[in-house]
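I opened this model to look up its nonpolar patches, its cores and its aromatic pairs. My entries follow in that order.

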Amino acid sequence: MNPGQQMEFHASCGHLISAPADRAGQDARCPHCHRVVRVPGSDVPYASPVPLPAGATEPMALTALYMIALIAGLAGAGLVYMVMFDSLSESELVTLTPLWFFPIVFGLYGFVSQRLLRRIASGRAGTLHEAARLSIDVAGHWAALVLFPFLVLKWRSSLLVSLAAALFWAVLLWLFFTAVFPTL
């Protein structure tokens, strides 16, 4: 390989990453899973795919659903707080909050659950709980607040996990509004 040329290889998480050819044999950090991986030498077939077990990936329709929900929720929040805010009363703002909040939560938890399920499929975790613990170990203990639903759920469907997480946050949002705005 020529100096300055990039080589592509699969990290242990399965993502295709690239590194300068002159870094062969050295360590590099995967930008996807943040694990340190060894850049293969020229004698290693670096472009070989990392096989995942059959059924390891969920349909693209679910990923599209999560993306649409996330975009719709963000657009709704932008509309409410940047365009309509001055014309809405506090009770109307409280009433509209679930309309943008739940799509955001559903979309985010959908993406996170897909990532955690990929960890299980690749053999880096045996359960959803273990996969969530790996993320908490990397991100810190504060991440346990966000990843709490994944620590208690055992399902292997990102759709079910996302719906359960949205329900969990719905209860928390209801408790918040009940405590902060009891008259609304």
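**Surface patch.** Leu65, Trp155, Leu159, Leu160 and Leu163 make a nonpolar patch of about 430 Å². Patch residues have over 30% relative accessible area and no salt bridge, and nonpolar side chains (Val, Leu, Ile, Met, Phe, Trp, Tyr) are joined within 5 Å. A salt bridge is a Lys or Arg side-chain nitrogen within 4 Å of an Asp or Glu carboxyl oxygen. Areas come from the Shrake-Rupley method with a 1.4 Å probe, and for residues only the protein chains shown count as cover.

The model is predicted: local features need pLDDT of at least 70, side-chain atom pairs count only at pLDDT 80 or more, and totals for chains, interfaces and linings use all residues. Residues are numbered from 1 along each chain as its sequence is written, and side-chain values use heavy atoms, leaving out hydrogens and water.

Helices are DSSP runs (H or I, at least four residues), numbered from the N terminus. Trp155 sits in the loop between α4 (143–152) and α5. I list Trp155 as partly exposed because its relative accessibility is 40%; buried is under 20%, exposed over 50%, partly exposed in between (1.4 Å probe, protein chains only).

**Cores.** A nonpolar core joins buried Ala, Val, Leu, Ile, Met, Phe, Trp, Tyr and Cys residues through side-chain atoms within 4.5 Å. The largest has 30 residues; Trp100, Leu116, Ile120, Leu128 and Phe150 have the most contacts inside it. α1 (60–83), α2 (90–121), α3 (128–139), α4 and α5 each give two or more residues to this core. The largest share, 10 residues, comes from α2.

I checked Leu116 next. Leaving aside neighbours within four places in sequence, Leu116 contacts Leu128, Ala131, Ala132, Ser135 and Phe150 (heavy atoms within 4.5 Å). Another core lies apart from the largest one, with 11 residues, among them Met7, Ile17, Cys30 and Val39.

**Aromatic pairs.** My search of the whole structure gave 10 aromatic pairs. Phe, Tyr and Trp rings (for Trp, the six-membered one) pair with centres within 6.5 Å; planes under 30 degrees apart are stacked, over 60 edge-to-face, the rest tilted. Tyr81 and Phe85 are tilted, at 5.8 Å centre to centre and 35° between the planes. Tyr81 is partly exposed at 37%, and Phe85 is partly exposed at 38%. Phe101 and Phe102 pair edge-to-face, at 5.6 Å and 75°. Phe101 is buried at 18%, whereas Phe102 is partly exposed at 23%. Ring pairs link Tyr81, Phe85, Trp100, Phe101 and Phe102 into a cluster.

Note on methods: Patches are made of residues with over 30% relative accessible area and no salt bridge: like charges are joined within 9 Å, nonpolar side chains (Val, Leu, Ile, Met, Phe, Trp, Tyr) within 5 Å.
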